[in-house]
Amino acid sequence: MPRTKKKNNRGGQHGTVQPFSDEDVSIETLSHCSSFSDGTSVADEGGEAGEDTAQEDFQYKLKGFIDSTVDKSAKTRQGALDGLKTAMATRILYEFISERRMTITDSIERCLKKGKGEEQRAAASLACLLCIQLGSGIESEEVFKTLKPIFKNILADGSANIQARQAVATSLGLCTLVAEDDIFDVHATMECFENLFTRSYAKADGTCSSISPQMSQLHTNALLSWALLLTICTSNQLKDILHKHLPKLHRLLECDDVNMRIAAGETIALLFELARDMDAEFEFDGIDELCDKLNGLATDCNKHRAKTDKRKQRSVFRDVLKAVEEGDFQCETIRFGTERMVIDGWVRKRTYDAFREFVGSGMNYHLQANEFLRDVFELGPPILVDSATMKAMKISRFERHLHNAAAFKARTKARSKFRDKRVDVGEF
């Protein structure tokens, strides 16, 4: 549709590009498909003309972001990348992106090669969102074939910006999951991650290597990406990995970084789940020693560790210990629209967490409308729900307030039973 003269007054210069605001996101999401909207659609307020205009404005803004990714100003490029990331995280843009995927890929490639720090970080995240939008197929494979060598070069380059390496470690894992078409290439990528996180293994005498917090975060990201790719390995590959890594992964439980300890614990639980799926009678020779370590972390009382770290660690390792000892998993229910999805295992949890890291608050929307994600989580085709049904399902703010107040009161009573209540008995 041709643009009006009023809109043409904007000209070809986009200036400093700002990411979408929350208002932009809500308007754009509503204008895309009223079936997945929680509020009043643009069509209800302004009719067909209003919806067309909103869609036209939105596409114009996206084109501006794409053009600005090659701007001379690093700040403008950064803003453009952030704008594209927000748009892809909150809307389904397959048709628009499919027509321009090579242009966007070239922009990402240029920002990864020539950008610095935050710009490279944003470009790596945008690459993942691009693959999520395109889904698993020839289009995302072409994108990934272009970017994979650059990702691996940055990851292996010790002189590269550490934030860029951290972002690439996460992005390479998810892009491989979505777009890699050769299982042997998946294994080669996993070896790249192994070369990083194994550097955090505790030594034979139990002492830990001296690693900076930023380097530890890089190793943690590499371990989580490695764990994500475990979920698509063949049975033969898993057997080799279990033999090679399961006896050694417990060394990561000695690390000073709480995030690495938690990532290692969850990876161990994931490996046990995969092993038992292959063989219900699976047994690990060092399980007694491993369970002792897991139990120690689940009841950690070391004073030199922060209280928040210990609380977070205990919660996770109680679940990990149950997974290793009994094969149990604490199920979690994710609700979106009229549907719900149960996270019933470590494999599904690792997959869900990986996608949510990039999609963020738009995860529920993508679970409703993104056919690729619905296929990953076996949700079937998208379910169309009209606005009237969605309104009927929503409760008022007052009802929600009463519900939260009742839940808070019940939670407080339950917790008070386990608290140490000190009584002032005075002096004798």
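This is a predicted model: local features need pLDDT of at least 70, side-chain atom pairs count only at pLDDT 80 or more; totals for chains, interfaces and linings use all residues.
Student: Salt bridges. How many does the structure hold?
Tutor: It holds 14 salt bridges. One of them joins Arg 77 to Glu 119.

Student: How far apart are the closest N and O atoms of Arg 77 and Glu 119?
Tutor: They are 2.8 Å apart. The pair links distant parts of the chain. Arg 77 sits in helix 4, residues 74-90. Glu 119 sits in helix 6, residues 118-134.

Student: Are Arg 77 and Glu 119 buried or exposed?
Tutor: Both are buried.

Student: Why does Arg 77 count as buried?
Tutor: Because its relative accessibility is 16%, and the cut-off for buried is under 20%.

Student: What else is Arg 77 in contact with, leaving aside neighbours within four places in sequence?
Tutor: Besides Glu 119, Arg 77 is in contact with Ser 68, Thr 69, Val 70, Asp 71 and Lys 72.

Student: Switching to helix 15. Which residue does Asp 353 form a salt bridge with?
Tutor: Arg 356, with the closest N and O atoms 3.3 Å apart. Both lie in helix 15, residues 346-359. They are 3 residues apart there, about one turn of the helix.

Student: Buried or exposed, for Asp 353?
Tutor: Asp 353 counts as buried, at 19% relative accessibility. Arg 356 is partly exposed, with a relative accessible area of 37%.

Student: Which residues are joined with them into one network?
Tutor: Glu 266 and Lys 349. Salt bridges with shared partners tie those two, Asp 353 and Arg 356 together.

Student: Which elements give two or more residues to the lining?
Tutor: Helix 10 (213-230), helix 12, helix 14 (307-326) and helix 15. Helix 15 gives the most, with 9 residues.

Student: On to the largest nonpolar core. How many residues does it have?
Tutor: It has 110 residues. Phe 151, Leu 174, Trp 226 and Phe 355 touch the most other members. Helix 12, residues 258-278, gives the most to this core, with 12 residues.

Student: Why might nonpolar side chains be found together like that?
Tutor: In soluble globular proteins, nonpolar side chains tend to be buried together.

Student: Take Phe 151. What is it in contact with, setting aside neighbours within four places in sequence?
Tutor: Leu 112, Ala 124, Ala 127, Phe 144, Val 168, Ser 171, Leu 172 and Cys 175.

Student: Now the strands. How many bridges join strand 1 to strand 2?
Tutor: There are 5 bridges, and the strands run antiparallel. Strand 1 covers residues 332-336, and strand 2 covers residues 339-343. Glu 332 stands opposite Ile 343.

Student: What do the two strands form?
Tutor: A hairpin, with 2 residues between the strands. Gly 337 in the turn has a positive phi of about 60 degrees. Thr 338 is also in the loop between strand 1 and strand 2. Thr 338 is partly exposed, with a relative accessible area of 40%.

Student: Which residues of strand 2 are on the covered face?
Tutor: Glu 339, Met 341 and Ile 343. Arg 340 and Val 342 make up the uncovered face.

Student: Last one. Where is Gln 368?
Tutor: In helix 16, residues 363-369. Gln 368 counts as buried, at 10% relative accessibility. Its C-alpha is 6.0 Å from that of Pro 382, 14 residues away along the chain.

Conventions:
Residues are numbered from 1 along each chain as its sequence is written. Side-chain values use heavy atoms; hydrogens and water are left out. Buried means under 20% relative accessible area, exposed over 50%, partly exposed in between (1.4 Å probe, protein chains only). Helices (H or I, at least four residues) and strands (E, at least two) are DSSP runs, numbered from the N terminus. Two strands pair if DSSP finds at least two bridges between them. A nonpolar core is a set of buried Ala, Val, Leu, Ile, Met, Phe, Trp, Tyr and Cys residues joined through side-chain atoms within 4.5 Å. Contact means heavy atoms within 4.5 Å. A salt bridge is a side-chain nitrogen of Lys or Arg within 4 Å of a carboxyl oxygen of Asp or Glu.
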